Structures are given as C-alpha cells and as structure tokens.
Amino acid sequence: MVKERARILVVGGGYVGMYTALRLQRKLKRELGRGEAEITVVTPDPYMTYQPFLPEAAAGAISPRHVVVPLRRVLDRCRVIIGEATSIDHAGRTATITTLATEEEGTGGRQLAYDELVLAPGSVSRTLPIPGLAEHGIGFKTVEEAIGLRNHVLEQMDIASSTRDPAVRDAALTFVFVGGGYAGVEALGELEDMARYAARYYHNVRPEDMKWILVEASDRILPEVGEEMGRYTVTELRRRNIDVRLQTRLDSCADRVAVLSDGSRFPTRTVVWTAGVKPHPILAATDLPLNGRGRLKCTAELAVEGATHAWAAGDAAAVPDVTAPEPGRECAPNAQHAVRQAKVLGDNIAHSLRGEPLETYAHKYAGSVASLGLHKGVAQVYGRKLKGYPAWFMHRTYHLSRVPTFNRKARVAAEWTLAGLFKREIVSLGSLEHPRAEFELAAGGKPSQDPPHNSKGSS
C-alpha cells in the first residue's frame with residue numbers, strides 16, 4: 001500500500017510518458033481502484049507516435065493510423081488531458097497548463113496540483129537561423145509531417161509532369177534533405193524508393209530525372225551503426241544516384257534555392273530539415289536543475305538531482321550510463337533507452353510511494369538498425385554487422401516487436417503482408433492539408449492557401 005494518497009502528473013505522451021503511465025497503472029492497480037492514487041497525463045496529442053515507422057508511413061507502406069497509439073484506449077485508468085504544460089513550479093507542486101478549452105474560454109493557463117512529477121516532454125526540432133528555412137523547410141518528426149511530405153513529393157512529380165517550363169520542372173524534381181542521422185537517411189531512402197516506383201506511372205518523368213541530395217555537416221552519416229556501415233550506406237545511396245554531400249552545410253534556402261556551403265546552388269521546392277533535436281522548451285520553464293545542454297540532471301534511479309518527488313527519462317533527461325567503462329557518460333537520448341527507462345521509472349515511482357528501495361537503470365547499448373528503402377538496410381547489433389536484405393528484415397522484425405499493443409502489431413503485420421501481394425499506392429491526398437478549400441471556392445470565397453491554425457501544422 002502507498003503511504004499516502006498520491007497525485008501523479010506525467011507531462012508528455014510520447015515513449016516515456018505513455019510507457020511510464022502504462023507501467024504505473026499496472027503497478028498501482030489496487031491503489032487506483034481504492035482512490036489512493038491518481039495519474040494525470042498532459043500531452044498535446046491524444047496519441048503516441050511510434051517514430052521509427054514514420055519513414056514507412058511516408059512511403060505508403062504503413063497506414064498513418066497504425067503508427068500511432070490512442071492514449072485514452074491504452075491508459076484507461078489514467079486521466080488524459082490534451083494540452084501543454086507552459087511552466088512548472090515544483091517547489092509549490094503546481095503546473096500551469098493550457099488546453100483547447102482554455103484557448104476558447106480566453107482564461108489563460110490553469111493550475112494543476114500534483115504530488116509526484118514525471119517530466120517526459122521529449123524533444124523538438126533543432127533549427128538554425130538559415131534564411132528561408134522557416135518559410136520553406138519541412139520537418140520530419142510527426143505523423144502529420146510524414147504524410148504531408150509524402151503528398152508533397154507526389155505533388156511535385158505531378159507539377160513536373162504537367163509543366164512546360166524546364167526551370168519549374170527542375171525545381172519540382174529536386175529534393176534536398178539536411179541531416180544524416182536516422183530521420184534524414186531513412187526518410188530519404190524510403191521516399192526515393194517510393195518516387196522511383198511512382199515514376200513508372202508518369203509518361204514523362206523518369207527516375208533519373210529526379211535529384212535527391214543529402215547534406216550532412218560532419219564527415220559521416222548514421223554514426224549509430226558504426227563507421228564501416230556508415231561508409232557502406234554512403235556507397236549504397238550514391239549507387240542509387242543520390243548525391244551525398246559530407247562536411248557540407250545548408251547556408252540558405254531563400255527564394256526556393258538551396259545554397260550549400262560548398263558553393264552549390266539548387267533551385268528546389270523541397271527542403272527537408274532533420275538536422276537534430278533539442279530539449280523541449282518546458283524544461284527551461286521549471287525550477288529544476290539542468291545541465292549545459294538544457295536537459296534535466298538525473299540520477300541513475302531516474303530521479304531529478306536535488307529535487308524530491310521529481311522524475312524524468314528519455315530525451316528530457318541526462319541519465320548517467322552506469323554500464324559505460326568510463327565515468328561521466330550519459331545514456332543516449334534514443335528510443336532504445338527511453339522504453340527501458342520508462343519501465344524502471346514506473347517501478348521506482350511505485351517503490352517510492354510504498355517506501356521500498358529504488359532500482360538503478362542499467363542497459364548496455366545493443367546496437368542500431370536502419371532502413372534504406374524496400375529490402376535495403378544496415379545494422380550493427382551486439383557487434384555484428386548486417387547490410388542489405390538481412391538488415392532490412394531485422395529492422396522490420398525488431399520494430400514490429402517494439403510497437404505498442406497487439407492491435408498495432410497485427411495491423412502492421414497485415415499491411416506488410418498485403419503490400420507483398422499487391423502494388424503500392426501512389427495517391428497524393430493533398431486536400432488533407434486544406435480540407436475547406438473546395439467548400440470555400442463553392443461558397444464564392446477564395447480558398448485559403450494556409451492550413452487551419454494548429455500547433456502541428458495539420459488539419
């Protein structure tokens with residue numbers, strides 16, 4: 001039994017937020033039933049996005065609905081609030097949150113009291129003050145961005161197919177991806193694969209007409225899979241006529257022209273920005289200790305240093321890696337650690353409420369897998385290196401085992417099976433981004449070129 005009634009506030013509904021709340025509602029099942037504990041999850045979206053499947057969703061291999069997990073269905077013993085925490089006063093045990101209702105009411109944020117705090121807001125895209133990036137750049141961190149990018153690529157192929165202007169055609173068929181990490185390489189690999197397949201249905205667009213450019217500031221890509229596999233990936237991409245530019249930066253994309261640090265200029269209508277992430281801004285709006293990179297200082301038990309009743313994990317937390325041979329190293333902010341940290345975090349909160357000893361988080365990095373398109377991939381797992389079809393198969397097998405809920409596993413497996421029996425879908429549903437355009441035109445108005453106001457940029 002818990003020592004006293006506990007109100008647990010979980011900020012964030014991503015990997016750590018969902019898995020921690022799920023673990024807590026299992027560990028505290030009796031306490032929740034007796035009213036001795038209460039779990040509240042504050043998240044901007046009513047779902048958790050399984051981000052490793054975003055490239056396949058963008059390529060049309062998986063339905064967008066199957067890469068997200070509805071939180072209210074999974075966290076049936078928790079109170080889920082769709083909103084955002086704007087500030088946290090841990091000394092006073094209160095969080096200020098805004099919701100869609102507070103925006104409609106015009107009352108501003110409201111105070112939410114808690115006893116135990118779990119900070120798991122994740123991260124946001126790290127951008128630079130590059131001219132034109134805010135106006136023309138496309139991110140690749142949410143399911144809305146992934147589907148929007150798929151629609152955009154197919155729309156550019158439609159433009160190229162129908163125009164008579166060589167300059168317009170060239171810009172439409174030039175795709176620039178900035179960032180050589182997982183997100184950039186996997187998104188580029190899957191979308192190039194999809195566009196190459198789609199080109200067979202265009203009478204005047206051939207795969208060799210398209211320019212795919214990967215820009216990376218360092219001297220290697222995919223550092224997580226090791227130097228050798230990174231070099232193999234560069235060779236594989238270049239074999240597919242993808243222009244990989246290492247030790248190169250994007251200096252500008254104003255006026256729809258991508259200007260690189262090596263002096264190259266590419267007229268383009270597509271600039272995809274995947275050059276890293278940074279801690280969520282909410283961390284700076286707390287009275288909790290942060291390290292030099294803006295992440296919460298945490299102990300190996302996933303408690304925030306020097307702050308009782310405060311916990312964190314995932315991208316928001318600087319957790320010491322107790323398995324590292326040299327002291328001072330921290331766990332990498334990736335999904336592999338986040339899912340495992342959430343399990344220990346949920347257990348430790350339950351232990352703390354019951355006055356039991358806490359567990360230490362310890363996980364030795366197992367390795368990484370990455371997809372480069374259909375039947376293509378690279379992997380380095382427990383020191384073993386794989387490439388091509390075996391790595392691609394391992395990528396799918398591993399992530400199928402990790403995607404939450406049996407429901408999602410079955411649906412994804414069924415889609416993959418059907419994809420092997422039937423042809424790919426190459427339809428662009430561009431109207432999803434402007435759902436009222438047709439009605440506005442019919443009603444005599446001018447269709448808006450901007451989607452409805454939404455923090456995620458989608459309708």
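**Cavities and salt bridges: group meeting talk**

Okay, let's start with the holes: searching the whole structure turns up two cavities of 30 Å³ or more. This is a predicted model, so local features need pLDDT of at least 70 and side-chain atom pairs count only at pLDDT 80 or more, while totals for chains, interfaces and linings use all residues. Residues are numbered from 1 along each chain as its sequence is written, and side-chain values use heavy atoms, with hydrogens and water left out.

By cavity I mean a set of points, on a 1 Å grid over the protein atoms alone, where a 1.4 Å probe fits but cannot get out; lining residues have an atom within 4 Å of a point. The volume is the space filled by probe spheres set on those points, with points joined across faces, edges and corners.

The largest cavity comes out at about 50 Å³. Around it you'll find His 136, Cys 253, Arg 256, Val 257, Ala 258, Thr 268, Arg 269, Thr 270 and Val 271. Strand E15 (257–260) and strand E17 (270–273) are the elements giving two or more residues to that lining. Helices and strands here are DSSP runs numbered from the N terminus: H or I with at least four residues, E with at least two. Sorted by class, this lining has four nonpolar, three polar and two charged residues. For those classes, Ala, Val, Leu, Ile, Met, Phe, Trp, Tyr, Cys and Pro are nonpolar, Asp, Glu, Lys and Arg are charged, and the others, Gly among them, are polar.

The second largest cavity has a volume of about 30 Å³. Its lining includes Arg 295, Gly 314, Cys 331, Pro 333 and His 337. Helix H11 (residues 335–354) gives the most here, with three residues.

On to charged side chains. How many salt bridges does a search of the whole structure find? The count is 20, where a salt bridge is a side-chain nitrogen of Lys or Arg within 4 Å of a carboxyl oxygen of Asp or Glu.

Take Asp 115 and Arg 7, whose closest N and O atoms are 3.0 Å apart in a salt bridge. Asp 115 sits in the loop between strands E7 (110–113) and E8 (116–119), and Arg 7 in strand E1 (residues 6–11), so this pair ties together parts that are 108 residues apart in sequence. Asp 115 is partly exposed at 24% relative accessible area, and Arg 7 is partly exposed too, at 29%. The cut-offs: buried is under 20% relative accessible area, exposed is over 50%, and partly exposed is in between (1.4 Å probe, protein chains only).

Now a local one: Glu 236 and Arg 239 form a salt bridge at 2.9 Å, N to O. They're three residues apart in helix H10 (residues 227–239), so about one helical turn separates them. Is Glu 236 buried or exposed? Glu 236 is buried, at 11%, whereas Arg 239 is exposed, at 57%.

Asp 243 pairs with Arg 245, again as a salt bridge, with the closest N and O atoms 3.0 Å apart. Here Asp 243 is partly exposed at 26%, and Arg 245 is buried at 18%. Elsewhere, shared partners link Arg 169, Arg 206, Glu 208 and Asp 209 into one salt-bridge network.

Last stop, Glu 36, in the loop between helix H2 (29–34) and strand E2 (37–43). Glu 36 counts as buried, at 18% relative accessibility. Its side chain makes a 3.1 Å polar contact with that of Arg 34. That term means a pair of N or O atoms within 3.5 Å; within protein, one must be able to donate a hydrogen and the other to accept it, and residues adjacent in sequence count only if both atoms are side-chain atoms.

Methods:
1 Å grid on protein atoms, 1.4 Å probe; cavity = no way out; pocket = protein on both sides within 12 Å on 5 of 7 lines; lining within 4 Å.
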